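I opened this model to look up its aromatic rings and its nonpolar packing, and I kept notes as I went.

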Amino acid sequence: MRRRTPPPPAPLPQRDGVDPVRVRLPVGGTWATVREHLVERLTGAGPGMVEAMFAAGRVIGADGRAVPPDAPYRPGMYVWFHRELPAEVPVPFPVEVVYRDEHIVVADKPHFLATTPRGSHIAQTALARLRHELGLPALTAAHRLDRLTAGLVLFTVRPEERGAYQTLFRDRRVRKEYEAIAPYDPSLALPRTVRSRIVKERGVPAAREVPGEPNAETRVELAGHRAGLGRYRLLPATGQTHQLRVHLAALGVPILGDPLYPEVTGPVPAGDFRRPLQLLARRLEFTDPVTGTHHIFTSGRRLSAWTSYTEWSGGFRPPG
């Protein structure tokens with residue numbers, strides 16, 4: 001099997017921890033110039049944006065030079081540029097570093113902060129912040145947490161080692177433990193293992209359970225309860241999108257602060273950091289595939305609905 005030629009290194013540095021956009025000009029098409037192709041390709045950039053980028057010399061070729069507006073189209077050619085970042089409301093909570101060595105960084109992510117750039121969240125992400133704050137431009141994420149979920153995330157320092165750490169998660173050789181605060185139901189028999197088939201369709205906010213061979217498995221335990229609230233210990237054996245949120249909602253005890261389960265509610269306004277989702281990636285345990293060291297990491301965060309429900313809820317009474 002023919003090996004794919006890797007792309008050339010980026011001629012532009014990161015900006016605020018965010019990589020430049022790389023575009024490879026496709027084979028085929030009727031574009032006469034690079035500019036014509038980018039105008040058609042970047043339709044969401046806004047009128048005149050591509051022309052402005054060329055005029056300012058911000059579209060760069062592999063040789064590190066600005067690509068002129070009349071540069072002829074060449075299939076397979078690479079160009080780079082920095083996107084105009086959307087206006088983002090700063091997430092006013094720090095990313096705590098739990099552990100760092102020459103191979104990995106383990107961070108304790110706050111609620112409301114995305115793990116990696118995606119959609120409208122670019123600079124306000126844990127990855128961009130850590131690259132900038134730690135001076136590690138090659139830092140990458142070995143896995144992801146939902147933006148609304150807080151807790152431990154593993155990042156890799158060296159790109160050539162990223163695959164080894166990602167394989168840990170793919171092969172289920174990472175023991176993950178979560179904590180959630182949800183209504184307490186005395187009739188719900190726990191502990192139990194929940195298995196179901198979960199699908200997440202592109203463009204649809206919520207995942208859903210469907211008939212079929214299970215692809216999601218979660219061990220659910222009750223760690224304590226008081227005043228109508230339960231503190232649940234969750235041990236996922238798989239990593240489907242929104243798995244823990246779907247499974248607790250299906251058990252009739254949806255996680256507090258969840259805007260998607262059991263029902264999709266209106267979007268929370270940007271900058272509203274009240275009532276965070278009460279889900280925390282509490283613990284990570286694995287054997288380092290590079291050094292052989294056995295690691296156990298624990299989040300230092302606390303779920304506020306358990307420590308002070310009144311403060312978290314803004315004065316509302318607990319459910320039930």
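Leaving aside neighbours within four places in sequence, which residues is leucine 139 in contact with? I note before answering that this is a predicted model. I looked up leucine 139 and found it in contact with Val105, Leu127, Leu130, Arg131, Phe155, Thr156 and Val157, once its neighbours within four places in sequence are set aside.

I then turned to the core around this residue. The largest nonpolar core holds 33 residues, and Leu139, Phe155, Leu234, Leu248 and Leu279 are the ones that touch the most other members. I listed the elements that give two or more residues to this core, and they are β5 (104–109), α3 (126–134), β7 (150–156), β8 (175–183), β12 (229–236), α5 (243–250) and β13 (279–287). I also found a second, separate core, which has 16 residues and includes Val21, Trp31, Val50 and Met53.

Next I looked at α3 on its own. Ala126, Leu127, Ala128, Arg129, Leu130 and Arg131 are buried in this helix, and among the elements that cover its buried residues I noted β4 (96–100), β5, β6 (140–141) and β7. Just after α3 I came to glycine 135, which takes a positive phi of about 65 degrees.

My next entries concern the aromatic rings, and I counted seven aromatic pairs in the structure.

How are the rings of tyrosine 309 and tryptophan 312 arranged? Their centres lie 5.6 Å apart and their planes are at 45 degrees, so I recorded this pair as tilted. Both residues, tyrosine 309 and tryptophan 312, lie in helix α7 (residues 309–313), three residues apart, or about one turn of the helix. An α-helix has 3.6 residues a turn, so residues three or four places apart point the same way. I checked burial as well, and both tyrosine 309 and tryptophan 312 are buried.

Two further aromatic entries close the page. Phe93, Phe112 and Phe273 form one aromatic cluster. Arginine 226 lies over the face of tryptophan 306, at 4.0 Å from the ring centre.

Key: Residues numbered from 1 in each chain as written. Predicted model: local features only at pLDDT ≥ 70, side-chain atom pairs only at ≥ 80, totals over all residues. Heavy atoms only, no water. Phe/Tyr/Trp six-rings, centres within 6.5 Å; stacked < 30°, edge-to-face > 60°. Helix = DSSP H or I, 4+ residues; strand = E, 2+ residues; numbered from the N terminus. Buried < 20%, exposed > 50% of the residue type's maximum accessible area, 1.4 Å probe, protein only. Lys NZ or Arg CZ within 6 Å of the ring centre and 35° of its normal. Core = buried A, V, L, I, M, F, W, Y, C linked by side-chain atoms within 4.5 Å. Contact = heavy atoms within 4.5 Å.
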